[in-house]
Amino acid sequence: MKQVTLQNLKDMAKKSYYDLWGAAKSLNRDVKIYLHWTAGRYDQLFSDYHILITGNGSVYVSTDNLNELKKATYMRNTGSIAIALCCGYDAENESHLGNYPPTQIQLVAMAQVICVLADALDLTIDLNRVMTHAEAAKNKDGLATHDDYGPYSGDPDTRWDLWVVKEGEAPWSGGDYLRGAANWWRGQRLLRG
Ligand SMILES: [Zn+2]
């Protein structure tokens, strides 16, 4: 694991631009950014994701190659980048996020990372290109990539990463919150001078 700056990430994304787009287009998709939580503690890093954000907002990468195939988002990993917040340990449901809920500084960092990657990769920041794992599990982008294993699916392996980002908020609000915050940073021309 290596700690990186937003500028480092932007450079990495530019370096992987054609590899990521080639992989995504081989499946007739645009490049996707998936947003996860690790279901671990604030300082636990896992190599299942390209990019990790710890509880204090520090950003790490598990690879030098953002096109490396990870096993983060079932049936959706080709041509995608997985970002994870290090949090969510013992989270039970949208009303009980446990002792390691996303921190405010983590959420800001994730929004900035999304913005910088989307800029480097020419991506619109919308539901079709930037999804929480909860939304991806539910095929919210309309791609029937796999059976529904999202919230309410009853799947024993249900994934609901970032369904909400704060305890007690409305179901499905997490993705909109993060995309909205990322688009706000885009409006600030983050790293674009
Ligand atoms: Zn996940």
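This briefing walks you through the overall build of one protein chain and then visits a few of its residues. The structure is a predicted model. Its chain holds five helices and six strands, and its radius of gyration of 15 Å is close to the 16 Å that the globule rule gives for 193 residues, so the chain is as compact as a globular protein of that length.

**The chain as a whole**

- Read from the N terminus, the elements follow the order β-α-α-β-β-β-β-α-β-α-α.
- The C-alpha trace spans about 40 × 35 × 30 Å along its principal axes.
- Of the 193 residues in the chain, 53% are buried.
- Take the contacts between residues at least 6 apart in sequence: 69% of them join residues at least 24 apart.

**Surface and charge**

- The chain exposes about 8700 Å², and carbon and sulfur atoms supply 47% of that area.

**Helix α1 and its cover**

- Helix α1 covers residues 6–15, and its buried residues are L6, L9, K10, M12 and A13.
- Viewed down the axis of α1, these buried residues fall within an arc of 160 degrees, so they line one face of the helix.

- As background, most residues other than glycine have a negative phi.
- N28 is not a glycine, yet its phi is positive, at about 60 degrees.
- You will find N28 in the loop between α2 (17–25) and β2 (32–37).
- With a relative accessible area of 73%, N28 is exposed.
- L191, also a residue other than glycine, has a positive phi near 65 degrees.
- L191 sits in the segment after α5 (173–187).
- The relative accessible area of L191 is 35%, which makes this residue partly exposed.

**T38, a buried loop residue**

- T38 belongs to the loop between β2 and β3.
- Its relative accessible area is 11%, and T38 is therefore buried, since buried means under 20%.
- Setting aside residues up to four places away in sequence, T38 touches F46, Y49, L52, A84, L85, C86 and C87.
- From T38 to G193 there are 155 residues in sequence and 33 Å in space, C-alpha to C-alpha.

**N99, an exposed loop residue**

- N99 is placed in the loop between β5 (80–85) and α3.
- N99 counts as exposed because its relative accessibility is 67%, and the cut-off for exposed is over 50%.
- Leaving out neighbours within four places in sequence, N99 is in contact with Y42 and Y89.
- N99 and D176 are 77 residues apart in sequence, and their C-alpha atoms are 23 Å apart in space.

Terms used
Residues are numbered from 1 along each chain as its sequence is written. This is a predicted model: local features need pLDDT of at least 70, side-chain atom pairs count only at pLDDT 80 or more; totals for chains, interfaces and linings use all residues. Side-chain values use heavy atoms; hydrogens and water are left out. Helices (H or I, at least four residues) and strands (E, at least two) are DSSP runs, numbered from the N terminus. The radius of gyration is taken over C-alpha atoms; the globule rule is 2.2 Å times the number of residues to the power 0.38. Buried means under 20% relative accessible area, exposed over 50%, partly exposed in between (1.4 Å probe, protein chains only). Contact means heavy atoms within 4.5 Å. Accessible areas come from the Shrake-Rupley method with a 1.4 Å probe; for residues, only the protein chains shown count as cover. The arc is that of the directions from the helix axis to the C-beta atoms.
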